[in-house]
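I opened this entry to look up the ligand shell first.

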Amino acid sequence: MDSFKTLDDMDLAGKAVLTRIDINVPVEGQRVTDTTRIDKVAPTILKILEKGGKPVLLAHFGRPKGQPNPDMSLRVTVPAMEAALGKPVTFVERPDRGMIDAAPADAIILVENTRFTAMEEANDPQMAQFLASLGDVYCNDAFSAAHRAHASTEGVARLLPACAGLLMEAELKALNAALGAPQRPVMAVVGGAKVSSKIDLLKNLVSKVDALAIGGGMANTFLAARGYSVGKSLCEHDLTDTAREIERNAKAAGCDILLPMDVVVAKDFAANAPHRTCGLDEVADNEMILDAGQQTVAILAASMDTAKTLVWNGPLGAFEMEPFDKATVQAAQAAATRCAKGELIAVAGGGDTVAALNHAGVAEDFTHISTAGGAFLEWMEGKPLPGVEALKT
Ligand code: AMP
């Protein structure tokens, strides 16, 4: 793996540690309704304090489009931050180095939304310079914002001694174990609604993994490309050539494509709609495929039994509606069982995947579940992430 420095490599005593975090949490009124992101970043902030550093926290919040907007002020996160850290947090709208130096040695300073100026998303060198003036060391703990080359994620990282925070470190190690230098065989499971949103991801994976299971609505496009009639299923008929190209690339690269062998179909897209399981050539014109069947789950589980590494993005069916969550739940449980025995490294993330795995009750057993959406998908696409590139030594 390309190397990067971690907090352990840095001397932080007496230093202002500019720390990019992701606390873009959901809020109702003046209350944070889900503190997961705050809870996850707390250990990094506490570790900086332990090492004698003064954390100066940078984060974005919502999409204020480069303008100050009181509705998107990070001030609302202060009580939840203080609860997670067990310490007071000083919120500053207009930081300067003088006030940071004047703050007590164990102060935690949270700076207002970085996106209140258009210079942030433009990665403006002047903004990066200004941010750099606020710290002696830069620590990036926001993997989920690492696919953006912004002043607080990329520009400033090149101006100060830089390192990864604990979350970023865990994420990069897990991702490297999954696709960088994985134990083989490697299997990928990719599901979700549409092929169109995951073309680059599928193209990258076929060159990297030994088996690629495709499920969910996107599998229908592949089935249509193989000549099956998919009735009124979600299907991108204009992408059947792309599906065939991906299958050809997979074959050339020695990657097995696993498509559903049997499917669960219904006439309505609704929870508990009357349904049946059938073969691929039995889908009626007025039916839609909403999940994979039990034979398919057995094939996926068998493939997971031989795999040493698994990368997962996207559900295998319309998992929000029972009983069309079954294949996703059962396949996730098969992976989790092997993970729990230490036989499989399983890394998952992106979009609805976290919700699907939480629904399956397996989140604890997976080796790593990334809460990053776009950054995880861009990593699966094989694209360099600017925020990570800037940390490389
Ligand atoms: P994505 O954001 O691309 O990962 O897609 C996730 C969405 O795909 C979820 O809301 C699922 O309900 C949906 N989905 C999965 N399988 C199907 C299917 N067979 N038909 C319609 N929607 C599906």
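I sorted the shell around the ligand by class and found seven nonpolar, four polar and three charged residues. For the classes, Ala, Val, Leu, Ile, Met, Phe, Trp, Tyr, Cys and Pro count as nonpolar, Asp, Glu, Lys and Arg as charged, and the others, Gly among them, as polar. I note that this is a predicted model, where local features need pLDDT of at least 70, side-chain atom pairs count only at pLDDT 80 or more, and totals for chains, interfaces and linings use all residues. Residues are numbered from 1 along each chain as its sequence is written, and side-chain values use heavy atoms, with hydrogens and water left out.

**Ligand.** I listed 14 residues around the ligand (a heavy atom within 4 Å). The closest are Ala-193, Gly-217, Ile-289, Gly-317 and Glu-320. Next I looked up polar pairs (N or O atoms within 3.5 Å). A ligand oxygen lies 2.9 Å from a backbone N or O atom of Ala-193. A polar backbone atom of Ile-289 is 3.0 Å from a ligand nitrogen. For Ala-318, a backbone N or O atom lies 3.5 Å from a nitrogen of the ligand. On its own the ligand has 500 Å² of accessible area (Shrake-Rupley method, 1.4 Å probe), and the protein covers 83% of it. Two elements give two or more residues to the shell: α9 (216-225) and β14 (288-292).

**Whole chain.** I counted 15 helices and 17 strands (DSSP runs; helices are H or I of at least four residues, strands E of at least two). Along the principal axes, the C-alpha atoms fill a box of roughly 75 × 45 × 40 Å.

**Helix α8.** Is this helix enclosed or open? Six of the eight residues of α8 (residues 199-206) are buried, so the helix is largely enclosed by the rest of the structure. Among them are Leu-201, Leu-202 and Asn-204.

**Ser-144.** I found Ser-144 in the loop between β7 (137-140) and α6 (151-155). Ser-144 is buried, at 17% relative accessible area. Its side chain makes a polar contact of 2.5 Å with that of Asp-22. Not counting residues up to four places away in sequence, Ser-144 touches Asp-22, Arg-37, Ala-372 and Ala-375 (heavy atoms within 4.5 Å).

Notes. A polar contact is a pair of N or O atoms within 3.5 Å; within protein, one must be able to donate a hydrogen and the other to accept it, and residues adjacent in sequence count only if both atoms are side-chain atoms. Buried means under 20% relative accessible area, exposed over 50%, partly exposed in between (1.4 Å probe, protein chains only).
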